[in-house]
Amino acid sequence: MKYITLLVAALCLPSALAYAQQTDDFMVSAQIRPRTEYRQGALMPRDENTSAAFFTTNRARLSMEYGSPLLRMKFSSQYVGVWGQDPQIDKNGRVAMNEAWARLGSGEGFFAQLGRQTLSYDDERLLGGLDWNVAGRHHDALKLGYQSLGHKIHLILAFNQNEERVSGGTYYDMSIAQPYKTMQTLWYHFKTDSAPFEASLLFMNLGRETGTKEKNRISHMQTAGTYLIYSPGRWNFTGAFYAQTGTRKEDAASAGSAKVLAYMWSVVATHRIGRSWTLTAGSDYLSGDGGDTDRYTAFDPLYGTHHKFYGAMDYFYASAWKAGSPGLWDNRLGVSYNASPKVALQAHYHYFRTARDPQLKKKPGKSLGSEIDTQMDWTIMKDVKLSLGYSFMLGTETMDAVKGGDHKCWQGWGWVSVNINPVIFSAKR
């Protein structure tokens with residue numbers, strides 16, 4: 001760590017000298033987050049021949065961040081894995097850099113941020129940090145932006161390759177790296193302190209490799225939409241609508257490509273009752289594909305934090321469909337209660353349906369079933385929080401057909417996690 005600290009100081013020295021009369025800051029933080037899970041039907045439904053799984057994952061992070069008026073830098077390394085995964089004497093450690101970026105400012109609202117970074121926008125429906133996952137989600141990109149009073153605009157650019165090359169084109173194997181070859185995203189956000197209203201607009205063009213090493217080819221898909229927030233008093237209303245178009249081709253072996261025409265919408269209402277209670281009601285609809293036309297109509301939620309929206313058991317979009325892509329209609333109710341300044345309880349009910357009839361010989365209907373998620377968070381002390389939860393799914397025959405498993409078997413999932421996340425060192429001058 002000593003050598004990394006010296007490297008950060010050397011890179012930041014010119015800016016620090018030029019603006020010594022203004023405030024610079026340097027911070028070192030750490031995180032240890034083990035989570036024990038009992039999976040008896042999480043991610044994918046089980047049948048009577050599938051036994052439960054029990055394991056503990058762990059995330060260990062060390063992060064350093066430096067900031068001056070015109071320069072910010074962050075280096076964050078992490079080790080993730082399962083307890084017992086590595087031998088006692090391990091000569092092949094798996095520590096990786098999960099964030100490494102620099103942000104250069106102009107002093108007048110313009111900035112450029114480049115390197116390995118988290119892309120988290122709006123409610124994280126399409127671009128999210130996926131912090132629930134032990135490894136998180138990060139991108140290698142250049143972000144150009146401008147921020148002024150009430151307005152933010154970001155342009156994100158990425159072009160990915162598997163390795164350095166002397167020749168041979170730009171073929172990119174997405175199966176072992178990032179899930180796209182190129183990305184161009186434009187995001188605009190408006191907010192003022194004088195009105196309880198926020199609005200975002202997003203446009204993303206994704207290029208996915210569908211060629212071969214001998215002949216490169218890119219299939220492009222566009223996503224565009226808006227995210228709105230209205231917060232009068234104790235109420236909070238959010239709405240989102242996104243549409244997708246372009247072309248879809250799985251790989252070079254696929255016969256032809258399909259025209260993409262898909263969409264999704266979401267509406268959520270939240271109401272605070274006193275200081276302790278919060279009620280939530282919401283509905284999310286993601287279009288599906290029936291496989292009966294030359295158009296592909298299933299919406300792809302891309303790189304969002306799916307665990308946050310479509311049930312904690314992660315049956316949808318965090319894991320694959322068994323048959324087709326019938327889409328999803330998720331209607332949910334939730335309640336949270338702050339029992340004390342240190343203890344919070346919450347429970348959510350989801351009722352799932354497919355967006356369109358699954359293409360099945362037997363027609364069991366659109367209903368997928370109901371899921372109930374419960375969670376408790378307890379702040380034990382400063383920088384230490386204990387969380388635990390239990391979820392269960394009451395599925396249907398349609399769930400069996402499109403996801404697998406047997407709905408007559410109990411589908412449950414329990415977990416407990418400790419998050420230790422202190423700031424080790426912080427200084428300003």
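## Salt bridges

Across the whole structure, a search finds 16 salt bridges. The model is a predicted one, and the values below are computed from it.

Glu37 takes part in two of the contacts described here. The side chains of Arg35 and Glu37 form a salt bridge with an N to O distance of 3.2 Å, and Glu37 also forms a salt bridge with Arg39, where the closest N and O atoms are 2.9 Å apart. Arg35 and Glu37 are both buried. Glu37 counts as buried because its relative accessibility is 2%, under the 20% limit. Arg39 has a relative accessibility of 26% and therefore counts as partly exposed.

A further salt bridge links Asp383 and Lys382, with the closest N and O atoms 3.2 Å apart. Asp383, at 29% relative accessibility, counts as partly exposed, whereas Lys382, at 70%, counts as exposed. Elsewhere, salt bridges that share partners join Asp123, Arg125, Asp284 and Arg332 into one network.

## A buried lysine

Lys181 lies in the loop between β7 (151–159) and β8 (182–191). The relative accessible area of Lys181 is 1%, so this residue is classed as buried. The side chain of Lys181 reaches the backbone oxygen of Thr170 at a distance of 2.7 Å.

With strand β13 (residues 277–286), β12 runs antiparallel, and 10 bridges join the two. Val268 stands opposite Gly282 in β13.

β12 and β13 form a hairpin with three residues between them. Gly274, in the turn, has a positive phi of about 65°.

The pairing of β12 with strand β14 (residues 295–296) is parallel and has two bridges. There, the bridge partner of Val260 is Tyr296 in β14.

## Strands β15 to β17

Strand β15 (residues 328–340) pairs with β16 in the antiparallel sense over 11 bridges, and a hairpin joins β15 to β16 through two residues. β16 also pairs with β17 in the antiparallel sense, over 11 bridges.

Ala347 in β16 marks a position in both pairings. Val335 stands opposite Ala347, and Ala347 stands opposite Thr374 in β17.

## The largest pocket

What is the volume of the largest pocket? The volume is about 1,100 Å³. The largest pocket is lined by 39 residues, of which His307, Lys308, Gln346, His348 and Gln375 are the closest to its centre.

By residue class, the lining of the largest pocket divides into nine nonpolar, 18 polar and 12 charged residues.

Terms used:
Residues numbered from 1 in each chain as written. Predicted model: local features only at pLDDT ≥ 70, side-chain atom pairs only at ≥ 80, totals over all residues. Heavy atoms only, no water. 1 Å grid on protein atoms, 1.4 Å probe; cavity = no way out; pocket = protein on both sides within 12 Å on 5 of 7 lines; lining within 4 Å. Points joined across faces, edges and corners; volume = space filled by probe spheres on them. Nonpolar A, V, L, I, M, F, W, Y, C, P; charged D, E, K, R; others polar. Helix = DSSP H or I, 4+ residues; strand = E, 2+ residues; numbered from the N terminus. Buried < 20%, exposed > 50% of the residue type's maximum accessible area, 1.4 Å probe, protein only. Polar contact = N/O pair within 3.5 Å; in protein donor to acceptor, adjacent residues only side chain to side chain. Pairing = 2+ DSSP bridges. Salt bridge = Lys/Arg side-chain N within 4 Å of Asp/Glu carboxyl O.
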